[in-house]
Amino acid sequence: MKLGLLTAAFPDQTLEQVAQWAQENGYEALEVACWPSSGSEHRRYSGVAHIDVHDFNPRTVLKTFDRYGLVISSLAYYPNNLDPDKETRQAANDHLRKVVEAAQRLQVETVGTFVGRDQSRSVKDNLEDFKRVWPPLVKFAREHDVRIAIENCPMIFSPDEWPGGRNLAYSPALWRQLFEIVPDENFGLNFDPSHLVWQMIDYTRAVREFSSRIFHVHAKDMEIDRDGLYEEGVLSAGMGWQVPRLPGLGEVRWDRFLSALYAIGYDWVVSVEHEDRNFEGGLELVQRGFVLARNALRPLIV
């Protein structure tokens, strides 16, 4: 396995600067943020474009990675691909296709994204929507020799994402249904154990069951604020008590999780996703966070 990081936590750094720092600090891969270069999306850790997929030179990008001995683990674009607003949804779908085309040009196998969801509609209605929107997107990726890896974040962190969250692919039962609708071998998971912790889902069991569908792995931890849980209860869907942390600062047992990945033969990148507010507020703090994550994971990754 290789240790990598998602570049979205470095919005003000160039790709060259991120690559140099990552190499100097023990990282081997980058998951490259590829939001629209307009910066139109302003959610935390979104709207970052370290590769402008509408205007870039693949040779220049690949030379940068060669210069620092790094690999690209995935191109990253995480919008709401089932947004209830038709124009917003179409823009997300169209940009996702551009990211897929960029991945092919860069000889990158995987693009990470969200399925999306209309938070005001039922799971059943969203699955019907998924049937219309996603088979053509996966077919497009397959035609470009690219795999789609959907992340399992429910996207329900704040009141504006209530009640259903903005991403449908959050549980094993839903993954099965999505994979039944789109059985293509190039449609799988960007597996993040932190989102399973607060749902009380056994992440090692999920690794075993969905072993053939795990294309990419996010390393993010999750703290459960017990006072918040006491106050809000589980029916709040985590709001007020799920706290994203860097690896080693939450409740994920990284030795058990990585052991499960070794057992299924996963041999690609474990990519640190930095969403820890304790290590925000400046470049040095963000970098310290990634060093902390490296120190927690490096002994377990070979």
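Author: Met155 sits in the loop between strand 5 (147–151) and helix 5, where helices (H or I, at least four residues) and strands (E, at least two) are DSSP runs numbered from the N terminus. The model is a predicted one, in which local features need pLDDT of at least 70 and side-chain atom pairs count only at pLDDT 80 or more, while totals for chains, interfaces and linings use all residues. Residues are numbered from 1 along each chain as its sequence is written, and side-chain values use heavy atoms, with hydrogens and water left out.

Although Met155 is not a glycine, its phi is positive, at about 55°. With a relative accessibility of 7%, Met155 counts as buried, a word that stands for under 20% relative accessible area, with exposed meaning over 50% and partly exposed in between (1.4 Å probe, protein chains only). The loop between strand 5 and helix 5 holds Pro163 as well, and the peptide bond that joins Trp162 to Pro163 is cis, with omega about 5°. As background, most residues other than glycine have a negative phi, and most peptide bonds are trans.

Helix 5 (residues 172–181) packs with helix 4 (residues 123–143) at an angle of about 30°, the axes being 10 Å apart; axes are lines fitted to C-alpha atoms, for helices over the stretch in contact, and angles run from 0 to 180 degrees between N-to-C directions. That angle makes helix 4 roughly parallel to helix 5, since angles under 35 degrees count as roughly parallel, over 145 as roughly antiparallel, 65 to 115 as roughly perpendicular and the rest as oblique. Helix 4 contributes Val123, Leu127, Phe130 and Lys131 to the contact, and helix 5 contributes Leu174, Gln177, Leu178 and Ile181, contact meaning heavy atoms within 4.5 Å.

A positive phi in a residue other than glycine is found at Met200, where the value is near 60°. Met200 belongs to the loop between helix 6 (194–197) and helix 7 (203–209), and with a relative accessible area of 68% Met200 is exposed, whereas Met155 is buried.

Turning to helix 2 (residues 58–67), its buried residues are Pro58, Val61, Thr64 and Phe65. They lie on the same side of helix 2 because they cover an arc of only 130° around the axis, the arc being that of the directions from the helix axis to the C-beta atoms. Arg59 and Asp66, on the other side of helix 2, are exposed. The cover over the buried residues of helix 2 includes helix 1 (15–24), strand 2 (29–33), strand 3 (71–76) and helix 3 (86–106). At the start of helix 2, a side-chain oxygen of Asn57 comes to within 2.9 Å of the backbone nitrogen of Arg59, and after helix 2 comes Gly69, with a positive phi near 65°.

Helix 1, which is part of that cover, has Leu15, Val18, Ala19, Trp21 and Ala22 buried. These buried residues of helix 1 pack against strand 1 (2–6), strand 2, helix 2 and helix 10 (283–297), and helix 1 is followed by Gly26, whose phi is positive, near 85°.

Technical notes:
Polar contact = N/O pair within 3.5 Å; in protein donor to acceptor, adjacent residues only side chain to side chain.
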